[in-house]
Amino acid sequence: MQRQLTRLAVLTSGGDAAGMNPAVRAVVRTGLDLGIEVFAVLEGLQGLVAGGDLIRPTTSKDVGGILYRGGTVLGTARCEAFRTRDGRRQAARNLVERGIDALVVIGGDGSLTGADIFRDEWSELLGELVERGEIDQTEADAHRRLTLVGMVGSIDNDMFGTDMTIGTDTALHRITEAIDAIHSTASSHQRSFVIEVMGRNCGYLALMSALATGANFVLIPESPPDTDEWAESMCRALEAGRAIGRRSNIVIVAEGAQDMHGNPISAEQVKQVIEDLSGEDTRVTSLGHVQRGGSPSAFDRNLSTVLGYAAVQHVAADPDGEPQLVGIRGNQIVHSPLMESVAKTKSVADVIAEHDYETAMEMRGGSFGDSFRMLRTMVRAQPHSSAPGHRRLRLAVLHGGGPAPGMNTAVRVALRAGMDLGHTVLAVKRGFRGLARGNVEEMDWMSVSGWVSRGGAELGTSRTVASPEMLAEVAEQIKAHRIDGILVVGGWAGYQSAYQMQTLSDVHPALGIPVVCLPASINNDLPGSELSIGADTALNSIVSDVDKIKQSAVASRRSFIVEVMGHDCGYLALMSGLATGAERVYLPEEGISLRDLEIELQSLKDGFERGKRLGLVIRSEHSDDVYTTEFIKALFERESEGLFDVRGAILGHVQQGGDPSPFDRIQATRLAWESVKHLVEQAVADVPTNAMVGLQHGKVQFTPLADFPTLVQAHAQRPHEQGWMALRAVANVMAGSVR
Ligand code: ADP
């Protein structure tokens, strides 16, 4: 008969990473929800060996209020004792004495390896403890096996078995903020900056931060420059940028950067080279531990919450299975044999040490190599020249729908990718309406300089859905400007206009040119993509505002009803609720009933009566026509019987603004790059098809635009398929609610 888990312990180990706290919180709350007693181990593996007060039973309340905290509240330590059998025997004794035979480890490959050795030796260690008379046979018999599950906490993102490790996204936030700031000072003085980022064996942070900040050169361990004259060629590239008017030069160097022979390349060395060869005033900034610190990003909070939840669910269902590593692929939770993933991870370091860089790049996976290739185009001072006889297409870019952070990033990439492929790229101002009026201009390579990080929409956008009359004018303009294809970077109105355009192509054949729609809307309400550009920025903006709102209320007994945007889609509400620890989230997908409000009110009253100090409800703007934020506030206040007061906060347009988050910049880059390639293919195809580009299972995919009406709901502005709704169950467990 299968063993039933009754007690488990959770620990954080190795280097700290933002997101470890939400992971611990999720493990504790999921365990308790399943009727498992959860123990927290302080100071990592050291705590297991030392025992005593370092292994303690934990309640749901103990892990309250830690979501927003960086690092790990449990503490972490390097532990030499755990590398010895004596140390591990001591650890086994400490667990058995407390009746614990399951372990959730959040750490890097070192910690996971140590934990797996411990699991492997478990029954022998118990045998030795019995022999020594430290535990008795019945205790040993009751805990024959140690269940182990791991999650990767590491800012390097260098682990097999997961697309993202806990802490990486936050580290990218820190790096991007720093480089954005350096960009402004560097441009003011026309200086060069060399920035060193973490990553001994992995160039992920360096590469992605370079993509996200528009850096001009990057050096990573997996792909060293392919020449001994790398210094000269780097300086030539930087000088070419200066010659076309670039005011700053930023070079990003990963800690483990090396030349083609495996000799380290340090940031200081790069600085010296630039000063010697180019005579540029150059400064070095080593970002160091700043990258580890700070409050976890929205993505890291939710990633760790979901992983913690999945890890406990997994071991509870299969405690005697092989130890697993829980991770994500695309937006799916996946698990893989723990030690296989660790071994593969270690083998990349070996391959790099053997200077087999091609294999190293391959092992990092598809999007890593693609990102490197994109970066090499984006940083060029001018496009590649095209072959003789090449057909030069005229591609237009425009926006539709509300503004979304990341729109400018996408336009920048579309322009450079289009020009680099040998085509002309036209900017259309103010969306379809602008196109109808002939607001069309040819862009040049440097016209988008600095757009990678700029919020808003420089080209302007329009929420108007193109009418048949407007589309007749659009057809005329397409002919007048000889446009061969259109990239629509936008939201609902943009998609609808593009669809209308397609349906009217029988009447106006000029409308029959290929169109690609790229999802850019904070609402994340577009079909064909799991995520749209701008939603991550909006989410981070909401989360940081709600963190502040929560802080403002700690001294008083208060409940907040926070209203967030999303139109008919509850994505921002559910994800921000998950990331901020809201007790209740109201979504347009579910609506609000009077009964819901009664239950919530009662639960708030019970909570405040028991000494609770803060309540948080998040309501998506279109959850219900009658039960508005104002209504709920008034109702709760009236019925609170003086136990608490109630405030409403409508976050409003701040959610649409701000500089795009690193994730939005990176995804905008990927999607725009692939869209332009697709558009070019379709423009020369015999029978072109229109498409919606998007991320599906973490990959860039194209869906026919003709499917738009069948993929969306008839009476609401949202797709039928909303994969993120699966997180509803996680949110309920975290909030301790039953709905
Ligand atoms: P990370 O988990 O971030 O990779 P480390 O490599 O420093 O960090 O490992 C953290 C801890 O894991 C070590 O201090 C040690 O206690 C334990 N550990 C690492 N490797 C082993 C091993 N081979 N055997 C036993 N314990 C190990």
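Trainee: How many residue pairs are in polar contact between domain 3 and domain 4?
Mentor: The count is 3 residue pairs, both partners at pLDDT 80 or more. Keep in mind that this is a predicted model.

Trainee: And how many salt bridges cross that interface?
Mentor: The rule finds 0 salt bridges between domain 3 and domain 4.

Trainee: OK, what classes of residue does domain 3 put on the side that touches domain 4?
Mentor: That side has 5 nonpolar, 3 polar and 3 charged residues.

Trainee: Back up a bit. Where do these domains sit in the chain?
Mentor: Domain 3 covers 394-533 + 662-713, and domain 4 covers 536-658. The assignment also gives domain 1 as 7-165 + 296-329 and domain 2 as 168-291.

Trainee: What separates the centres of domain 3 and domain 4?
Mentor: Taken over C-alpha atoms, 35 Å. The contact itself involves 11 residues of domain 3 and 13 residues of domain 4.

Trainee: What area gets buried between them?
Mentor: About 1,000 Å², with carbon and sulfur atoms giving 55% of it.

Trainee: Which residues of domain 3 lose the most area there?
Mentor: Pro-405, Ile-522 and Asn-523, which together make up 48% of what the domain 3 side buries.

Trainee: New topic: how many cavities of 30 Å³ or more are there?
Mentor: The count comes to 3.

Definitions and conventions
Residues numbered from 1 in each chain as written. Predicted model: local features only at pLDDT ≥ 70, side-chain atom pairs only at ≥ 80, totals over all residues. Heavy atoms only, no water. Domains from an automatic or database assignment. Contact = heavy atoms within 4.5 Å. Buried area = accessible area lost by both parts, 1.4 Å probe. Salt bridge = Lys/Arg side-chain N within 4 Å of Asp/Glu carboxyl O. Polar contact = N/O pair within 3.5 Å; in protein donor to acceptor, adjacent residues only side chain to side chain. Nonpolar A, V, L, I, M, F, W, Y, C, P; charged D, E, K, R; others polar. 1 Å grid on protein atoms, 1.4 Å probe; cavity = no way out; pocket = protein on both sides within 12 Å on 5 of 7 lines; lining within 4 Å. Points joined across faces, edges and corners; volume = space filled by probe spheres on them.
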